[in-house]
Amino acid sequence: MKRIMLMGRVACGKTTLCQYLLGEELSYQKTQTIQILGDAIDTPGEYVENRALMRGLTVTAVDADVVLFLQDCTDLECRFSPGQAAMYGRPVVGVVTKADLAPTPQALEDGKALLKMAGADPVFCISSYTGEGVQELVDHLEALPAGE
């Protein structure tokens, strides 16, 4: 798989998705620093939530083939700016997480709309607990041309 970099708010499911992709037991652990987990770069949510730390994401994205913007469907506060994907110089894929916990189908659509506004394309809805949508995401990442 391509080297992916995951970005999103605190507790949006970045580390859980990494654990799922690596076949590890799912357990919550707070990511304190940027971590390399297999082919994934897992970033602390504070880097998205605090604009002063955004430079760390921009610099780290150089080591990724693909950037994933994650949005928890139960949290409609989005910290990605409109068009933010353009600043990374590589494909940006959107991931609406916690699909199994969506309060309504509209919550998934709202999460997709927020990520599309940020420039992520395409956008997938997933659950790292049930596996819903994860294979489609993985298939898309594997199908990206080399160098993307």
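What share of the 148 residues in the protein chain is buried? I looked that up first: buried residues make up 45% of them, where buried means under 20% relative accessible area, exposed over 50% and partly exposed in between, with a 1.4 Å probe and protein chains only.

**Ground rules.** I am working with a predicted model, in which local features need pLDDT of at least 70, side-chain atom pairs count only at pLDDT 80 or more, and totals for chains, interfaces and linings use all residues. Residues are numbered from 1 along each chain as its sequence is written, and side-chain values use heavy atoms, with hydrogens and water left out.

**Overall layout.** I count five helices and six strands in the protein chain; helices (H or I, at least four residues) and strands (E, at least two) are DSSP runs numbered from the N terminus. Read from the N terminus, the elements go β-α-β-β-α-α-β-β-α-β-α. The radius of gyration is 14 Å, close to the 15 Å from the globule rule for 148 residues, so the chain is as compact as a globular protein of that length. For the record, that radius is taken over C-alpha atoms, and the rule is 2.2 Å times the number of residues to the power 0.38. I also noted that the C-alpha trace spans about 35 × 30 × 30 Å along its principal axes.

**Contacts.** Of the contacts with a separation of 6 or more, 70% come from residues 24 or more positions apart; contact means heavy atoms within 4.5 Å.

**The sheet.** I traced an open sheet of six strands, in the order β2-β3-β1-β4-β5-β6, with mixed pairing. Two strands pair if DSSP finds at least two bridges between them. The edges are β2 (35–37) and β6 (123–125); each has a single partner strand, so one side of each has no neighbour in the sheet. Neighbouring strands are turned by 25° against each other on average, direction ignored. My axes here are lines fitted to C-alpha atoms, for helices over the stretch in contact, and angles run from 0 to 180 degrees between N-to-C directions. I then checked β1 (residues 4–7) against β4 (residues 66–72): they pair in the parallel sense over four bridges. I4 has V66 as its bridge partner in β4.

**Helices on the sheet.** I see α4 packing on the sheet, where it touches β4, β5 (92–97) and β6, with its direction at about 155° to that of β5. Helix α5 (residues 134–143) lies across β1, β4, β5 and β6 and runs at about 175° to β5. D110 lies in α4 (residues 105–117), and I find D110 partly exposed at a relative accessible area of 28%.

**Aromatics.** How many aromatic pairs does the structure hold? I get two, using rings of Phe, Tyr and Trp (its six-membered ring) with centres within 6.5 Å; planes under 30 degrees apart count as stacked, over 60 as edge-to-face and the rest as tilted. F69 and F80 are stacked, at 4.1 Å centre to centre and 5° between the planes. F69 sits in strand β4 and F80 in the loop between β4 and β5, so the pair ties together parts eleven residues apart in sequence. F69 is buried at 0% relative accessible area, and F80 counts as buried at 8%. The ring centres of F69 and Y88 are 6.0 Å apart with planes at 85°, so that pair is edge-to-face. Y88 is in the loop between β4 and β5, 19 residues from F69, and counts as buried at 4% relative accessibility. I log F69, F80 and Y88 as one aromatic cluster.
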